[in-house]
Amino acid sequence: MPLSNKDIRRIFVSAVLLFLVIAAFLIIRPIVLSIFGGLILAYIFSPIYKIVYRTIHSRNTVATLMCILVLLIIIVPLWFTIPIIIQQIFDLFNLSQNVDFSQVVSKVFPSATPEFNERLTTIIIQFTGNIASTIFNFFIGLLQSLPTLLLNLAVVLFVFFFSLRDQENLREFISGISPFRKDKETVLVTRFKDITSSIIYGYIIVGIIQGLALGLGLLIFGVPKALTLTILGAFASMLPMIGPWFIWIPVTLSMLIAGNVGVAVAFAVYCAFFVSTIDNILRPYIVSRKAGVSSVIVLVGMIGGLFVFNIMGLILGPLILAYLILFLKAYKDGTLSDMFSPAE
């Protein structure tokens, strides 16, 4: 049966729409992570924006102030810390080259055979060398991609500004094109907020606070290269089932090996009873327990997301997995189709 003019027009419109969607995807693909970064920052700073807006009744002014605040938070610490971090990395590399790892291994495993100690020493030397090489290559790549990073930062700020300023219009637009039933949409939005808050505030923000607390202890007890260890401690604190102990236990052992028993014990007590308990104290107050996001999902999402999306993967990875499980549960309960059917 020949196609009618109406069918031909429908096919033509569908083809044009498909072409536009593919073209739009290709256009935004290089900056899609920056767009997500701006949206996530807007979600984080939205409570502050609303508080300031109550005093300054100008959306443009308040959104501009938020952009300046974000720039200060990003640029000022980097401006002062990057030179120190680079110097500390070089110092750590030189220190690793001068350390007699065979003596350290012999102290840790006094009853081991000489062959075992020799093999383990070789592995440790190769491992430290690979870490140093990876770090150096990372910084070299960072310098080479500086123009691209600045362009992506501009996109983040652009999206951040308009997401804050026009958040009500954006919410109405998304709700208008949403395929979900309005009653189900309300439930989903609430659930998404719980999940997002659980991951962003419960793991990212609390992890940074734990890292800063660890850094304070490193400074108080005179641990060398405290800034680099603080940054590593913050990343370790963001990962569930790992935490700041991944940093402070090796530091304590190094103190014991060096003969600083009293300082090592005091540092271990500080970290065990203060740093490692911060998440147990803060998370119940910051994060709603309604989210129910499994630690395994967050850990797998963060590690996998880090490989796929780089640093943004720490947030995007667990969010994607958590949202997928949310829809899988709806499918398992037989309520997935109800989300799209018209409300009765």
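**Close-up views of a predicted model**

A search of the whole structure, which is a predicted model, finds 1 salt bridge.

**Figure 1. The salt bridge between D166 and R165.** Let us start with two charged side chains. In general, side chains of opposite charge can pair when their charged atoms come close. Here the partners are D166 and R165, whose side chains meet at 3.0 Å, N to O. Are these two residues buried or exposed? D166 has a relative accessible area of 23%, so it counts as partly exposed. R165 is partly exposed too, with a relative accessible area of 23%.

**Figure 2. A stacked pair of rings, Y49 and Y53.** Now we turn to aromatic rings. The structure holds 8 aromatic pairs. One of them joins Y49 and Y53 in a stacked arrangement, with 6.1 Å from centre to centre and 10° between the planes. Where do Y49 and Y53 lie? Both belong to helix α2 (residues 32–55), and they are 4 residues apart, about one turn of the helix. Their surroundings are worth a look as well. Y49 is buried, as its relative accessible area is 1%, whereas Y53 is partly exposed at 25% relative accessibility.

**Figure 3. A tilted pair of rings, F221 and Y270.** The next aromatic pair is formed by F221 and Y270; it is tilted, with 6.1 Å from centre to centre and 55° between the planes. Which parts of the chain does this pair tie together? F221 sits in the loop between α8 (182–220) and α9 (226–238), while Y270 sits in helix α11 (residues 261–273), so the pair links parts that are 49 residues apart in sequence. F221 is partly exposed, with 23% relative accessibility. Y270 has a relative accessible area of 17%; because buried means under 20%, Y270 counts as buried.

**Figure 4. An aromatic cluster around F221 and Y270.** F221 and Y270 belong to one aromatic cluster together with F267 and F274.

**Figure 5. Confidence along the chain.** How confident is the predictor? The chain averages a pLDDT of 77, and 84% of the residues score at least 70. Which elements have the lowest and the highest mean pLDDT? Among the elements of the chain, the lowest mean, 70, belongs to helix α4 (residues 101–108), and the highest, 86, to helix α6 (residues 146–165). A friendly reminder for reading any such view: where pLDDT is low, the predicted coordinates should not be read in detail.

Key: Residues numbered from 1 in each chain as written. Predicted model: local features only at pLDDT ≥ 70, side-chain atom pairs only at ≥ 80, totals over all residues. Heavy atoms only, no water. Phe/Tyr/Trp six-rings, centres within 6.5 Å; stacked < 30°, edge-to-face > 60°. Helix = DSSP H or I, 4+ residues; strand = E, 2+ residues; numbered from the N terminus. Buried < 20%, exposed > 50% of the residue type's maximum accessible area, 1.4 Å probe, protein only. pLDDT = per-residue confidence, 0-100. Salt bridge = Lys/Arg side-chain N within 4 Å of Asp/Glu carboxyl O.
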